[in-house]
Amino acid sequence: MNEYATRVPLEKAYRLINHGPTALVSARANGVENVMSAAWVCGLDFQPPKLTVVIDKIAKTRSLIEQSGVFVIQVPTAAQIALTHYLGTHTLAQEPDKLQRAGVELFSLPDVDAPLVTGCAAWLACRLIPEPHNQQQYDLFIGEVTAAWADSRVFQDGHWRFEQAPASLRSLHYVAGGQFYATGESLNLNIDS
């Protein structure tokens with residue numbers, strides 16, 4: 001993780017992905033680890049916190065999630081733009097050393113049975129809620145968030161604070177053809193939440 005990583009209460013975990021960032025999805029099964037990029041990650045519920053992620057049938061990460069029943073959603077930073085693009089455009093099935101080529105650094109936590117990616121702005125450990133019809137028909141996976149952490153330089157008191165942190169820590173939003181946007185200026189109505 002990093003020295004700035006702090007636990008996020010589960011009731012605030014949805015805020016880590018509520019702004020629609022591109023995410024990294026990681027999983028492990030039978031000694032195989034993989035990480036892929038995903039642009040379609042969305043909060044689904046608050047209590048318990050749940051999220052959805054679209055994962056195509058060709059993705060090796062998908063089979064690892066189906067086998068293990070757990071995965072991690074990470075929010076990569078602007079400093080990880082090249083890594084994020086590489087992980088979204090290369091497949092472990094055709095490139096067995098994909099993670100090494102991308103320069104991915106993984107770490108483990110005692111209560112999370114999936115690898116986590118070093119250097120991200122947030123991490124959400126998830127338990128798969130099996131929905132075979134949705135998974136087969138729509139490539140839609142549902143995860144219950146079991147634990148969450150964020151980099152305190154950009155997430156404090158349950159809120160993103162990108163405008164107060166270095167630009168390299170901003171989250172990414174993928175458009176197409178290698179084009180990303182970084183989370184920008186905060187516009188706040190000063191409503192308590």
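Mentor: Start with Asn 30, which is exposed because its relative accessibility is 71%, above the 50% cut-off used for that word. The model is a predicted one. Asn 30 sits in the loop that links strand S2 (23-29) to strand S3 (32-38). Its phi is positive, at about 50 degrees, although Asn 30 is not a glycine. Most residues other than glycine have a negative phi.

Asp 139 also has a positive phi without being a glycine, with a value near 60 degrees. Here the loop is the one between helix H4 (132-138) and strand S10 (140-151). Asp 139 has a relative accessible area of 14%, so it counts as buried, the limit for that word being under 20%. Asn 30, by contrast, counts as exposed.

The peptide bond joining Gln 47 to Pro 48 is cis, with omega at about -10 degrees. Most peptide bonds are trans.

Ile 58 and Lys 98 are 40 residues apart along the chain, and their C-alpha atoms are separated by 15 Å.

Leu 169 belongs to the loop between strand S12 (159-160) and strand S13 (172-176). Its relative accessibility is 9%, so Leu 169 counts as buried. What does Leu 169 touch, once neighbours within four places in sequence are left aside? The contacts are Thr 77, Ala 121, Asp 151, Arg 153, Val 154 and Phe 162. One of these residues, Asp 151, falls at the end of strand S10 (140-151). For Arg 153, the separation from Leu 169 is 16 residues in sequence, and the C-alpha atoms of the two lie 8.3 Å apart.

The protein has 4 helices and 14 strands. Its radius of gyration is 16 Å, close to the 16 Å that the globule rule gives for 193 residues, so the protein is as compact as a globular protein of that length. The C-alpha trace spans about 45 × 35 × 35 Å along the principal axes. Among contacts with a separation of 6 or more, 68% are between residues 24 or more positions apart.

Buried residues make up 46% of the 193 residues; Asp 139 and Leu 169 are among those classed as buried. The accessible surface comes to about 9,700 Å², and 51% of that area belongs to carbon and sulfur atoms. As for charge, there are 14 positive and 19 negative side chains, and the centres of the two sets lie 2 Å apart.

One record bears on the region. UniProt, in an unreviewed entry, lists residues 15-162 as "domain: Flavin reductase like". In the model, that span is 20% helix and 43% strand, and its end C-alpha atoms lie 13 Å apart.

Technical notes: Residues are numbered from 1 along each chain as its sequence is written. This is a predicted model: local features need pLDDT of at least 70, side-chain atom pairs count only at pLDDT 80 or more; totals for chains, interfaces and linings use all residues. Side-chain values use heavy atoms; hydrogens and water are left out. Helices (H or I, at least four residues) and strands (E, at least two) are DSSP runs, numbered from the N terminus. The radius of gyration is taken over C-alpha atoms; the globule rule is 2.2 Å times the number of residues to the power 0.38. Buried means under 20% relative accessible area, exposed over 50%, partly exposed in between (1.4 Å probe, protein chains only). Contact means heavy atoms within 4.5 Å. Accessible areas come from the Shrake-Rupley method with a 1.4 Å probe; for residues, only the protein chains shown count as cover. Lys and Arg count as positive and Asp and Glu as negative; His and the chain ends are not counted. The place of a charge is taken as NZ of Lys, CZ of Arg, CG of Asp or CD of Glu. UniProt positions are given in the numbering used here, feature names are shortened, and annotations may be inferred rather than shown by experiment.
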